[in-house]
Amino acid sequence: VLLNTVDPGSGFIIVSNAGGTYDFEDYYTYLMENFHIPGTQSNFLIGYGTGRATITAAALYNVGVGSGAMGAITSGDKNTALGYLSLNDITTGNSNTALGSETLALVTGSYNTAVGSDTMNATAVGISYNTGVGYKNMPVVTGSYNTSLGGEALLVLAAGASNVAAGYQAGYAQTTASTNTL
């Protein structure tokens, strides 16, 4: 699929056909016919192993791009995963955003935001309301309401909740602390 570079009309893309030539097709029709998962509403999942679980009609407005992204989604809503194995184990969680390889890979909770490779990637519980930005932020966190900004911030934080850490390796040694600003 190529983006339209010669506009025969608004909302069209160029698609290679079997004969090796190109056709203009309405982008919405093309995407729904080629990438839409039957029985679901408004989900866009593309990549090897992406959306491999049985998705129910209850799953709405999810976007997963990348090998294994949102692989287990069944009925969660409004999740966005971009990157290899991002949000891979999410099933019913809602409103999560994962940008980067293996971000939120094992998370099953809701309202989490992870930006950066390996951020919150080893947590296998229903954590919620966490935000991590930077490489390997909070990879093992099991608490909620944590915010970290900077590479390896809150790196070994496991059970802590309501922490704020900013800077490279901020709160690096915190394991179970709660309600801290670092």
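This is a predicted model: local features need pLDDT of at least 70, side-chain atom pairs count only at pLDDT 80 or more; totals for chains, interfaces and linings use all residues.
Is Asn-96 buried or exposed in this model? Asn-96 is buried, because its relative accessible area is 0%, where buried means under 20% relative accessible area, exposed over 50% and partly exposed in between, with a 1.4 Å probe and protein chains only. Residues are numbered from 1 along each chain as its sequence is written, and side-chain values use heavy atoms, with hydrogens and water left out.

Let me set out the overall architecture. The protein chain has 1 helix and 10 strands, where helices (H or I, at least four residues) and strands (E, at least two) are DSSP runs numbered from the N terminus. Along the sequence, these elements follow the pattern β-β-α-β-β-β-β-β-β-β-β. Of the 182 residues, 40% count as buried. The accessible surface comes to about 8,700 Å², with 58% of that belonging to carbon and sulfur atoms; these areas come from the Shrake-Rupley method with a 1.4 Å probe, and for residues only the protein chains shown count as cover. As for contacts, meaning heavy atoms within 4.5 Å, residues 24 or more positions apart account for 1% of those in the protein chain with a separation of 6 or more.

Ile-55, in the loop between β3 (44-46) and β4 (63-65), counts as buried because its relative accessible area is 11%, and its C-alpha atom is separated by 9.1 Å from that of Gly-76, 21 residues apart along the chain. Ala-161, in the loop between β9 and β10 (164-166), is partly exposed with a relative accessible area of 23%, and its C-alpha lies 8.8 Å from that of Val-141, at 20 residues apart in sequence. Leaving aside neighbours within four places in sequence, Ala-161 is in contact with Ser-144, Asn-146, Ala-177, Ser-178 and Thr-179.

Returning to Asn-96, this residue sits in the loop between β5 (80-82) and β6. Its side chain reaches the backbone nitrogen of Tyr-111 at 3.4 Å, which falls under the heading of a polar contact, that is, a pair of N or O atoms within 3.5 Å where, within protein, one must be able to donate a hydrogen and the other to accept it, and where residues adjacent in sequence count only if both atoms are side-chain atoms. Not counting residues up to four places away in sequence, Asn-96 touches, among others, Lys-78, Leu-87, Ile-90, Leu-104 and Tyr-111.

Leu-104 deserves a word on its backbone. Most residues other than glycine have a negative phi, and most peptide bonds are trans. Leu-104, however, has a positive phi of about 50° although it is not a glycine, and this residue, in the loop between β6 and β7, is buried at a relative accessible area of 0%. Tyr-61, in the loop between β3 and β4, also has a positive phi, near 60°, but at 47% relative accessibility Tyr-61 counts as partly exposed.

What do the aromatic rings do? Rings of Phe, Tyr and Trp (its six-membered ring) pair if their centres lie within 6.5 Å, with planes under 30 degrees apart counted as stacked, over 60 as edge-to-face and the rest as tilted. By this rule the count comes to 2 aromatic pairs. Tyr-111 and Tyr-129 are stacked, at 4.9 Å centre to centre with 20° between the planes; Tyr-111 lies in the loop between β6 (97-99) and β7 (113-115) and Tyr-129 in the loop between β7 and β8 (131-133), so this pair ties together parts 18 residues apart in sequence. Tyr-129 and Tyr-145 are likewise stacked, at 5.1 Å and 5°, linking the loop between β7 and β8 to the loop between β8 and β9, 16 residues apart.Tyr-111, Tyr-129 and Tyr-145 thus form one aromatic cluster.

Finally, Ser-148 lies in strand β9 (residues 147-149) and counts as buried at 1% relative accessibility. A polar contact of 2.3 Å joins the side chains of Ser-148 and Asn-137.
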